[in-house]
Each structure stands twice: as C-alpha cells, then as structure tokens.
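Here is a short briefing to keep beside you while you look around the model. Take a moment with the structure first, then read on.

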Amino acid sequence: MKAETREVTISVNGQRMTRRTEVRTLLSDFLRHDLGLTGTHVGCEHGVCGACTVLVDGVPMRSCLALAVQADGRAVETVEGLAPEGELSEMQQAMRDEHGLQCGFCTPGILMSMLAAERAGVSCAEACGDVLGGHVCRCTGYQGIRAAVRRRWATLPAARGEETPA
Amino acid sequence: MNRLVGARVARINDPRLLTGRGTYVDDISLPGMLHAVMVRASIAHGRVTRFDAAEALADEDVHAVITPEQAMARTRDLPLVWLAPEQRHTHVPVATDEVRYVGQPLGVVVADTRASAEDALDVIDVGYDELDAVVDAEAALADDAPLLYPGWGTNVVASYDIGDTGEEIEPVFAGAAHVVERRLQVQRLAVNPIEPRGLVAQWDAGTESLTVWISTQVSHHIRDHLAIVLGLRADQVRVIARDVGGGFGSKEHLYADEALACLAAMTTGRPVKWIEDRGEHFGATFHARDVVHRARLALDENGRFLAIHSDIVGNCGAHASNVGTGPFRISSIMLPGPYRFERAGTRIRGVVTTTTPTGAMRGFGMQEASWVRERLVDEAARELGADPVELRLRNMLGPEDLPYETRTYQRYDSGDYPEALRRVGAEIDKRSRPSEGRIRRGVGVATHVEFTGLGPSKMQQLVGFHLGGFETGVVRVEPDGSVVVSSGVVGMGQGIETTLAQLAAEQLHVPMSAVTVRLGDTATAPYSASGSIASRSMVVGGGAVVRAGGRLRERLVRIAAHRLEADPGDIEVEEGVFSVKGVPGSSLTLAELAGHAWLGWNLPPGERADLEEKDVHDPENVSYSYASHAAAVAVDLDTGQVRVEDYWVVHDAGTVVNPMIADGQVVGGVAHGIGIALHEEMRYDPAGQPITTSYLDYVMPTAEDIPDMDVSHLCTPAPHIPGGMKGLGEGGTILSPVTVGNAVAAAVPEIAEKLVETPLSPSRMWTLIHEAGLHDEAGPHDDPTSKE
Amino acid sequence: MKPAVFSYLDPRTLEEALDAVGEHGDDASVLAGGQSLVPLLNMRLARPEVVVDINRVPGLDTSRVEAGAVRVGALVRAATVEKDPALADALPVLADAVRHIAHPQIRNRTTIGGNVAHADPSSELPAVLAALDGAVVLRSTAGERTVGWEEFFVSVFTTAREPEELVTEVVFPVRPDLEFRWTEFARHHGDFPVAGICCGLDVEDGVVRAARLAATGVADRPVRLREAETALTDAALGAETARAVGELARRAVDPPSDVHGSGDFRRAVLATLVRRTIETWPDRSQRGRRGAAA
C-alpha cells in the first residue's frame, strides 16, 4: 500500500523549508531525516522520555507525538537554533558548567523545555519540578541538570531566580 | 603549572552535544541507505514452522527479506565470552528456527524506509509449533519443567562453587552463636540507555570490506565477533563508535540482530541502517539481574562475623549471554565486602528460561552481592540489638589489614574502609527528620568494596573470560605541537575523552586545548578487547596514557636538552614551553621541538624521529574502590510510597582525575540504583510474554525520585596503577539499592525481615505493611459504622 | 515504531470534519492532541485507515463560563485550562486535576475533548466529569446530542460516541455551593494515577451539607462513590467520618490487578485518598465564595 504524501513547509530556526513527505511521518523523523536536523533525538516514541522535545510556535511538545503535516505552516525551534555556531546559550553554558549532561542524548529535549520555561517566566522550582519531570535522563541523576537550571535562573529577573528548590 | 589532574575541567565534547552537533548512530545517513527491521519471535518457546515473506517481497519498497534459513546458512555461531566451568554451551547461533524468548531475532526485512520495512513486517507470516514456557529460574529447576535444550536433560547451563564450600564452611554455621538467613532476590531489569542500540553497515564490494557505525562500548570486540559470525577476516571489518547515548552494560558485545543487520548490508550491497526502538529494547536487549540468593551470615556471641554463604540461582534467560553466569560469579567473589570472615563462599546455578538472556548492567553482580550482604548485616544488627554502623565497624578490615586476601580470592589493595563509614555515620545525624503520623522516617547505611579496572589478562584467563584485560594508550605530538591521544576505550557519556586529555596534558605539561582524544574507531584506535566495561576505562586505559605520556615527555626533555645544550635535568616544561632552568631566553616551544623531530633533525644520539609513544597496560591486579552510603527515607504507610529525602556518599576511587565528572558518575549511579530500589522491574506473564514494554509500565527514575546528594571522596591512590586511579562508574548503582532498603527497614522495622526483594514499589510495600498489621489503625476490615 | 499507512484529512470547518467522520466512521481515528493516539499509531496498536485531524477546525478551542456550567471546547488544550483565569475562578478543580496530567510538554497538546473521548480508566478528567455530573456534547451530520457522563463512559477506552460523531464540547456543571478538590496518588507526579478522587463538599459549621465523590483508576471507567456521598451528607468532618467514608469507598470498588499493583492495593489507595481528603478538609464555610459563576 502506497503511503499518501503531502508537501510540508515549516520554518525551522527561522529558515523556511519545504519537503514532500508521507503523511504518517512524525515531526521528529521529518526534522531528523527529511531536514537533516539530527540534534533532536528520539528515545521512546511514546512521549515519555522527552528527548524529542521541540518548540512549535513557541510551545514545547513531543515531536514524536506530532505528525509532520501538522506542523505545516508553523515555526519550529530545535536545539540547533539555540546559539550561533561556535557559541553556547546561557543555559547551554550552565549545563556545561554544572555537568548537566553526560551522554548528551536527552539533553536537546531538556534544553528546549527549559527555553520555553524561561520565556514563560516559570519559577526555578517549577522548572526543576514539573518541567524537568517531563524528561528522563539515565546518566546524570538529574542533580547536575537542577544545578544548571538554578545557575541559569539566578541570572533571570529577580522574582524567578530567588526560589531555589532543595 | 596548574595541575590538571584533580581539576574540575569542563568536558571537551560538551559543546557539540549541547548544540545538537553530536553524531549518534541514527544521525548517520549514507547515500542509497536502506532500513532494516528485525522479524522477531512473538512466542516464548517453540519452533518456526512457517516463514512466508512472499507478500512482503512483492512490495516494491522492500529490497530483501532474510529468512531464518538464509540467516542460518550465512552466519556462524557467536562465541560466548565468559565461560563457566563445564558450561553447557560455549557458542550460540546468530539465527535459529528454535525460539526461546519473545523478541528473539528470526530474520530481517530491508526496505526503503523504516516505516515501509515495518509495513513489510506486518505481512510476514510466521508459524510456530509452540512449546511450554518457563519464566522463573527456580521453576525451571523443577523435574517436570519444560526443557529449553532437551539434550542437556536439565535447564542448568552451569553449576559451580566459589570459595569455601561444604565441610569447609558448614561447621562454622553449625557452631555459630547466631545465624541470619534470608531468601533475597534482585529483580529482572531492562538497561534502558536513552539511546537504544543501532548501527549503520556498509559493505564495499570492491575492497570486500565492511564498515559498521554502531552504538557500542566495545568497538574491537564487535569487530572481532562480526568477523567470526560473518566469515570475514578481522581486517575486512572496521567498526566505528561515534557519540554513544549511554551504554550501562547493554552495549558491551555483539548481538545477533546486529550481525543480521550487517548481513543485510552484505546481501543487498547497499548501506543498511538498523535502529532498535524502545519497544524492541525491552525484549531484544539483554536484561540484567533476576537472581535468588539463599544467604546466611554467621556471627559469634560477640557479634563477630564468622562466615557468609549464598546459594545462588541465577536466571540466564534463553541462553547463556556473552557473560553467562558472570554476574553471579562476581556476586560471589565480592560477597564478603569490606569485612573479615573466617569462611565465605557460594554455590552458583545458572538456569536457562524462556526469557530474554540476562547480561551486563552497571553494578554487574556487585549490586546483588551488596543487596544480600548488607541486608543480612542490617538484619543481624536488628536481631542482636546492635547499632548497624557499630556492628559493621566491629567487623571491618582496617587500613592496617591491607593488602588483604579474601576467602573468595580477592586481594584488596588500599584504602581506609572504616573511615568512609565513620564519615557517613557522622553525616546522617545532622539532618534527621522525625516521623509524622502515617509517614515513617528512617536512615540506613551500607558499605562495600568494588572490583574495578577489569584486567589483568592472566586473571581473565584464569576465570574463563575470553577477552584481554589490557589497554593501550598512544600519545603523539604532531609536527605543529598538537597532541593526539588514542585509546581503545570508548566514550559513552562517562567523560573519558576529557579525563584522558587531562592525563595526557598533565604528563606533557601542555594546556588542555592542545590535546585531542580519538576513540572508538578500530581503524585508528589501538586494540582493546574489553573496551569500556567494568569501570576500567580510566583505570586501565588511563594508566596506559599516563605511562605513554610520561615516556614521551622524557623524550621531549632529552631532545630539548640536546637542542638547548643543557642537561635534561635542567629542563623545565611549562604550558608546552621547554626552557633551561635559570637561563632566560633559552627555550623551545613544543611546536619547535616537534617540527624538527618529525624531520629527524637535531635529535640526540639514539633518539627516534617519531614523537609517538605507545604503552600497553596490563595491570597486575584489579583495583578495589570502596564506599559507604547513607539514605534517609520517608515511607507512607498508607500508600506504600518510599521517598528518598537525603543521600550521602563517601567514596574512594583513588586518584580523582576530574572531581566534577567523578561526582557525576557517582550521582548518576546512585540514581540508577534508586530506580532499582523503588521502581524498575521487567516482568513477564506465565506464557513468557513481556508485559513491561513501555515507559508506562517500566517505571524509570525521574527527577523527583532523586534528591541532591552529598558526595565526598577519600583519595587513596591505587598503588599498582599508573596515576593511581580506581574505577567509579558503577559504585553508586552497586550500593544505593541496599542503602535505600536498609533505610526503609529502619523506618518500618516491623517489616524489616521481609525486605528481601526489590523494587520496593508502593504495591510491594503496601502489601508488606498490610501483612504486618500496620495498616490504618482502625483496620480496613472493621465494620465501617455510619456517621452516627 | 512507525505508524502504519493511513490517509490524512485535515478539515478546515466543523462541517468538513463531520463529513469526514460521517464518511469513514469506524475506519477513522480522530486526531486532536494526539498524546494518546499517536503512541498507539507508532506502536501500530491503532491502525486506522483514515486519520481525521481536527486541529485546524475553528471554533472548538474556546471555553465558555455560563450560568451553571463551564463549557470547554473539545480542542482546548490542558495547558490552556490550567492557565485560564475565568475557568480558575468558576471551577478551580478543573485546573487542579489537569495539572496532574503528565508534564507541560504533554499538556500543551492534550485536549480536553481528546482526553475524555479516549476514556482511559486512569485518567483524571473523566472522574471530574463524574463528580460534577457533567456531560459530553457529540455532533454528527445528523445533529447534536448531549450525553451524560454515566452513559458516555462505557468501558476501558470505550465511550458512547458513535463512529460518525465528534466530541465538540465537554460540559462541567458548576456547583457554587460545593468546594471541589482533586487528590491522586501516582508513582510520580504526572504518571497515570494508581487512584484519584474528585471530592466536592459543602461544609457548614463542621458539618457536611452536601457531598460529591468520584474516583478514577479503580474500575473500567470513572465511578461515583454514592454510598460514601450518602454517608458524608450531614456527617461531621473529622477523623471518624473520614475513616468510615474511606472504608465505604474501598468496598465500593473491585479493580483488577496489573503491573502497578493488586486490586486490593488500588482499593487501599482509594480509601487513603478519601480519608486524607476529608481529614484535611478545612473547617470553614465556603458558601457563596465562588458566586462569580452563578
């Protein structure tokens, strides 16, 4: 049975891209394999591990639980867009400074969730709680990630940086 | 110069991983690449009687289907690595029509895309003659149990004793003032690196060579075994590990499905990608643990330990894995832990069942040994009314006792075991929190000695482990002064690129930025049989780099002395500049030295031109790390939920090359162990169908499970390892499950005797609490009187 | 783990959407938030011939607070409910319950209609709907009908929705006389709960004047614990009532065992949730406080 295809145009990290793809193609696979943006990782394909988290129109979501056709006409942000080549964003730098990553496989998803959390003005406690709760990391034991979030949040406007969860 | 060893140096590969520019195996795409999926057994036990791929092959997207028959004809048996005495099989087929577990690879579909390959999988018709399943190892020992290999007449694949047995040990138990005996169990686990396994294979018909990019901890081992099973010469196979998204033991050998994917590339003549998905992982990647210990601890009237013994029944799964009964063997040799025993030993029975084979996972055997020993010790303290810390200290080997030969053939090297426990013991009182209502609180401790830095080769020969235990380090200064370090170990997130660079930079007195570390490619890396397993990369691989770097520095100093017309003893090296002590302006940069050296110019008599040193490091012994842990837990008596509220680690891994990375290894290890303690469990139904095949059913530890921990290090350098390192990647996982278990026992002493099995899930805890009569004081079965 | 082949329709009007489900009926799956459907597609446990994606259908993504009810459009995201001040004012328990659904990355997509239509026996919103005596609005080309929760939830993943119908709205009645609370127990925050309860009480001078109690995770669909409600009514708040009512709740259900625990364990957790909720209920008059919805 031949799979139905459609043309999908998305803006990825500010760059407009069009590809024809099967309608069953997951957004995660579209980004990785149709567009070659392999920074977004796939760990479970049932929405739990969080490695594939990207922002669609600014909203963090699992790219393994969305079809590429659903993103047609939308703006997608991925880990590749977080900093100009050769640089690290402040959150990326905090992750490095606090050893918030080991194998690095889950890291891009966490970075995207934290970017959205930063923009949404959530508290440090919530970022370390509900937001990080949406990611599974097998390597770090989460301690380094929380330390990185605290380091980053400490530089944000005062009201949010003050709360530091245990 | 600032010392690099011991410094909190930022990891050199972080920037590419943080920016999405890493290269994990599924990121690799080759022109003309096809996609493979495995045809896997859907039953637990039986024989394939029909394999009809006609409909699949009719699809133009489908390029090949390799049937079990074809796979059997094209592959040779896969050798097993760690063979027990008289183990009933030493090789297993890559493909067979005899099914012994759900998920066993039978054949391969190759199609244009992963999705179309799965479409084809849907229409492949496999028929079976089904046989009875047996999931539980003890059930498989029964006389009427279905036999997996009828020719054996038993399901026991290997059976042997370790240490003191029979007459040597039984009289001690018989005469002991106090014996604590329990049936202790560690559950079956799925390893779950967040990156599943996978590979891209490319067959070059012109050069008759196979290149395989694979997510692995052991590139050379994969190469050697691929050559064997595919009938190639080793030089025809190149294996490359790029970024690896976690291993934890699950990527430490060649799997049959990986060989089949390579066969698919050879068959089709096109590059083939195969990526395990998470659903497959739960059945296709070897599991771990699944073992029952009937264990005894004997004490005299003064609370002195006399003997420890365990009768071990280990579930090997459908066949002996690469390591076979190895985990049970390591449990045995490390069972005595840091204590003095007159006698110690085990009996091991490895049993086959119709389940996924069990193999390596972080903490290999030692986590089980710690669960057994430290639960018994805690129970002894409870039964004798002794303080658990004091009882341990009373029986612990002191620094003056080391080196020490155990009853199970270990020669502990160095350290101060009591100090680690005393430090943890001092910490736990500082943050105690009271029980409140139905929330009980308690603190538990545990302690262990850890077998790390797998080697030496002669020991591996002695125990039937068919991999060399050495590592080779190559340090080269290029003509422009840049430094390249090559090693056979593999980076999989443990930070080994950075720590090897630290060692080399320290030896050569150059800045970190001058050093590049190349790992994982059999075409360029020195041979490594064992690779990155068994907490050995830094110990064995690092030791080789220390020695190679040191020798290269000595040569550079000699060359510099010759060129600067000074005595080598007067040459100082700082940040890559060689100068004559007390003679301003008399100096050469590393680039100036190297540029001439590689031309063969201006060398002292007898000096080689190349600036490359290679060291083969086969240590004289493993190195023994040790640690004490403490956990503070809260137990909800009504829901059975256990929360770890505080956690302390005092750990000795010898020289700590990078404390940031070391802490990360320990904390991550503890988190993995908290998952074992509280949540993770791989389960089957009685028909052998796995029932925990997604993250909804297999519960992974998340951020809320893991408190921020206090980690501190004692640093007793390993006396026999260049650089003094001991391993530290597994200790956290080894000790945390029993530390949590002991804390739960302290919180709810009424159920302590029954705390014999993990995970301490809410359901299991609730059942124990209920059986102990600790349910809500009104009682659940009281008549609920109405509001009057 | 890739979806089987399907045809994809993304209607741009409600009429087109109704035509699509009308035409394809049982062969179609409706894609709203996709947080339950897409995993099933990926695992090939769902193999619809047609996926009808309603995300581009206008008019289904708004909520209205009306006299006596909060009407939530089928496409309203869980995250929107969480943050909507009008909903928080009218029916704060809705946001409380929604916050227990997974994590923000999921709630940003999860829709209220999809969550209810999926009818997971451990899901939060069906129990909220049960406690409030809510209803689900179903539309087809033949017209619209409103189905009460009790009729709507049939069994595990099974509802009274006919294949040619779409869930267009979920109706949560507002009871200003009652204060509602959501309590659940899960392995982790965000996991499907072992059990969860939606409890509504009207308490005056320490005495319960009216009570609503519904539970999730303890049956093949959400359940109302009516005996417990009866026992609560006119009872004095306190430990004794709490224990007795918890016990009634335990006896009212008989959940099956699964990998997360035995049926007895789930029943015990339910009893604990009920007992603790009532034990810790603040002894203060709530009457009239949430008059905004009236």
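This is a predicted model: local features need pLDDT of at least 70, side-chain atom pairs count only at pLDDT 80 or more; totals for chains, interfaces and linings use all residues.

Residues are numbered from 1 along each chain as its sequence is written, while chains are lettered from A and ligands numbered from 1 in the order in which they are written.

**Chain B overall**

- Chain B has 20 helices and 30 strands (DSSP runs numbered from the N terminus, H or I of at least four residues for helices and E of at least two for strands).
- The radius of gyration of chain B is 28 Å, close to the 28 Å that the globule rule gives for 788 residues, so chain B is as compact as a globular protein of that length (the radius is taken over C-alpha atoms, and the rule is 2.2 Å times the number of residues to the power 0.38).
- Along the principal axes, the C-alpha atoms of chain B fill a box of roughly 100 × 70 × 60 Å.

**Where chain B meets chain A**

- The contact takes 44 residues from chain B and 44 residues from chain A (two residues are in contact if their C-beta atoms, placed from the backbone, lie within 7 Å).
- On the chain B side, α1 (14-18) and α18 (659-678) are the elements that give two or more residues.
- With seven residues, α18(B) gives the most to that side.

**Two domains in chain A**

- Chain A is assigned domain 1 (5-81) and domain 2 (90-161), with bounds from an automatic or database domain assignment.
- Their C-alpha centres lie 22 Å apart.
- In the contact of these domains, 17 residues of domain 1 of chain A meet twelve residues of domain 2 of chain A.
- β3 (53-56) and β4 (59-62) of chain A each supply at least two residues of the domain 1 side, and the largest share, three residues, comes from β3(A).

**A sheet in chain C**

- Four strands of chain C form an open sheet in the order β11-β12-β13-β14, with antiparallel pairing (two strands pair if DSSP finds at least two bridges between them).
- β11 (179-185) and β14 (223-224) of chain C stand at the edges with a single partner strand each, so one side of each has no neighbour in the sheet.
- Strand β13 (residues 207-216) of chain C pairs with β14(C) over two bridges, and C:Val223 in β14(C) is the bridge partner of C:Ala215.
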